[in-house]
Amino acid sequence: MCFDEWNSCILNNCGHYYSKPVKNTRKPVGIFSLRRRHGVDIADMQCEIDQIERLRAGIRRDDHEYLFLLMQKSGEMRVAHNGREEVLMAGDSLLMDSTRTAELRFDGKASSFLSVHLPRSLCLEGRGASPVTGRRMDRAHPLRPSLDALMNGEGHGDSHADYLFDFIAMMFRPDERPGDAASFRDRHGRFRYICDTIERHVPDSDFTIERLAGLVHMSRRQLQRDFRDNGTTFTRVLCEARMKLVASHLRRAARQKQRPAISDLAYRAGFSDLSHFNRSFRQLYQLSPGGYYEDHLQILIEH
């Protein structure tokens, strides 16, 4: 895209954010694409420009207010916002409030990032404290893999958009305590987060409900009540998550026409007892692990 085209995409899709090109250049300055996930727009941007500014004039001209979740993919971006100055590198994130001025500097260097457009009122609804804006979240943040999964369309679909708003509020909470399940406003969102936390720890063969309680900042008794209310148990959810991980590896191996060592996959998924693994897998999928692999291999051959 030329600068004028790229700048028009910003104005039409993000609001009155004013871009500045690098002086004395006529080469293409970037790429802009838009998609929708969880009921919100996600702008995927690449640019080689000088900067983007959010001025008070732009704030007055926009009818809608957003919290923009910036997720740096490559290069770097210098952000001055809400009294802070941060440098975002690949993997870093930052929340930006459209009701406040901002400056995003690139100095002509190639940079690519996502901008997730979160309606501000939905993010703030019913919360005692607003998410912190202008503060960089490091790529090593423990919730970053879950955030990537939400944005990339993995796992759950679009049917529970409120989960995204609760997740962002938790990730950018003022006291910097990640993983507090109490941040979710309804039981469904809280239980989904509990299950997502289990999925992130399935390879840990020593993972316990006590460890889960520490990660989500709930008591063991509260967790057991949530599992019971959802008709399951911690042990069952953990076991099924491990079996689903093995099943995913088996399907992938079938697509690649590779024969995996099933025992290695089971140990890798956190199982320590192969007899228990084989028995549980057959109960869930009505096939042995080997039969499951052969079944998917045959399907691929037939198609």
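Residues are numbered from 1 along each chain as its sequence is written. The model being predicted, local features need pLDDT of at least 70 and side-chain atom pairs count only at pLDDT 80 or more, whereas totals for chains, interfaces and linings use all residues, and side-chain values use heavy atoms, with hydrogens and water left out.

Me: What makes β5 and β10 a pair of strands, and in which sense do they run?
Reply: Strands are DSSP runs of E with at least two residues, numbered from the N terminus, and two of them pair if DSSP finds at least two bridges between them. Strand β5 (residues 66-74) and strand β10 (residues 111-119) have eight bridges in the antiparallel sense, so they meet the definition of a pair. Within this pairing, S74 stands opposite S112 in β10.

Me: Why are β2 and β8 called edges of the sheet?
Reply: The open sheet has five strands in the order β2-β3-β10-β5-β8, with antiparallel pairing. Because β2 (30-37) and β8 (93-97) each have a single partner strand, one side of each is left without a neighbour in the sheet. Neighbouring strands are turned by 20° against each other on average, direction ignored.

Me: How do you know at what angles helices α1 and α4 run to strands of the sheet?
Reply: Axes are lines fitted to C-alpha atoms, for helices over the stretch in contact, and angles run from 0 to 180 degrees between N-to-C directions; contact itself means heavy atoms within 4.5 Å. On that basis helix α1 (residues 3-14), lying across β2, β3 (40-47), β5 and β10, runs at about 25° to β2. Helix α4 (residues 144-151) lies across β2, β3, β5, β8 and β10, and runs at about 105° to β5.

Me: Why is a set of residues called a nonpolar core?
Reply: The name applies because its members are buried Ala, Val, Leu, Ile, Met, Phe, Trp, Tyr and Cys residues joined through side-chain atoms within 4.5 Å, where buried means under 20% relative accessible area (1.4 Å probe, protein chains only). The largest such core has 43 residues, and those with the most contacts inside it are L118, F167, I198 and F227. Its largest share, seven residues, comes from helix α5 (residues 161-171). Apart from this core lies another, of 24 residues, among them W6, I10, C47 and F106.

Me: Which residues does L118 touch?
Reply: Not counting residues up to four places away in sequence, the residues touched by L118 include V40, Y66, L95, L164 and I168.

Definitions and conventions
Helix = DSSP H or I, 4+ residues; strand = E, 2+ residues; numbered from the N terminus. Buried < 20%, exposed > 50% of the residue type's maximum accessible area, 1.4 Å probe, protein only.
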